[in-house]
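Trainee: I would like a close look at a single part of this model, with the cut-offs stated as we go.

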Amino acid sequence: MEEEKKTEETAAAENAGGSILQSAAIKWVIVGVILLVFIGIMIGISMFAVGKITASRLGESAPKQDEEEQQEKLKKQVEMGATLAAPIEVTVNIFEEEGRYLKCGVQLEYDAADVKLGQELESRKVRIKDVILGIMSNQPLSRLSSNEGKMAIKEQIVAEINGSLPKELEGKPLGEVKRSYFESFVIQ
């Protein structure tokens, strides 16, 4: 009987040892799975954070460029160049509108450093007035009445005046008209 007890105890001990090993293995598997999940979460968080940082840095450079462009635009709007002594006044019949006419004053702006250009514009005022008359007399009422049309006309005036001026004077670059403005604009 004693031997049977020893055998039963040995068998029980072996069973207990086997179940202890099995429970220890299960515990290590659970710990391993938890570690893998934890590592996965950390990698996910770090990738998310790096993505946010990279996106914010890329986003910072674009607004800085936009800000610089806006500042340059504002500077151009605020900075005022030199202008003619008096605006060029023109009165024209409106194209295809019987009995209607346009009276406007056009002012030209150029870089103040281009002193020779200012003198050249003043000496060529009659020719410049003719260019403006030619442009304005060929404009339909619809174009004269819209802001987009007026902007296009001002750009056309600048382009045609610059095209009529010499590029150089006495071997030096003359400069060019930068903008034109309507000082007065009356349609009747």
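This is a predicted model: local features need pLDDT of at least 70, side-chain atom pairs count only at pLDDT 80 or more; totals for chains, interfaces and linings use all residues.

Mentor: Residues are numbered from 1 along each chain as its sequence is written, and side-chain values use heavy atoms, with hydrogens and water left out. Serine 180 is placed in strand β6, residues 177–187, where strands (E, at least two residues) and helices (H or I, at least four) are DSSP runs numbered from the N terminus. Serine 180 counts as buried because its relative accessibility is 5%, buried meaning under 20% relative accessible area with a 1.4 Å probe and protein chains only. Its side chain reaches the backbone oxygen of lysine 154 at 3.0 Å. Not counting residues up to four places away in sequence, serine 180 touches Val106, Gln107, Leu108, Lys154, Ile157 and Val158, contact being heavy atoms within 4.5 Å.

Ile157 also belongs to the set in helix α5 that meets helix α3, a set that includes Ile153 and Ile161, with Val131 and Ile135 among the α3 partners. The axes of α3 (residues 125–137) and α5 (residues 147–164), which are lines fitted to C-alpha atoms over the stretch in contact, come within 10 Å and cross at roughly 140 degrees. Leaving aside neighbours within four places in sequence, asparagine 162 is in contact with Lys167, Glu176 and Val177.

Terms used
Axes are lines fitted to C-alpha atoms, for helices over the stretch in contact, and angles run from 0 to 180 degrees between N-to-C directions. Buried means under 20% relative accessible area, exposed over 50%, partly exposed in between (1.4 Å probe, protein chains only). A polar contact is a pair of N or O atoms within 3.5 Å; within protein, one must be able to donate a hydrogen and the other to accept it, and residues adjacent in sequence count only if both atoms are side-chain atoms.
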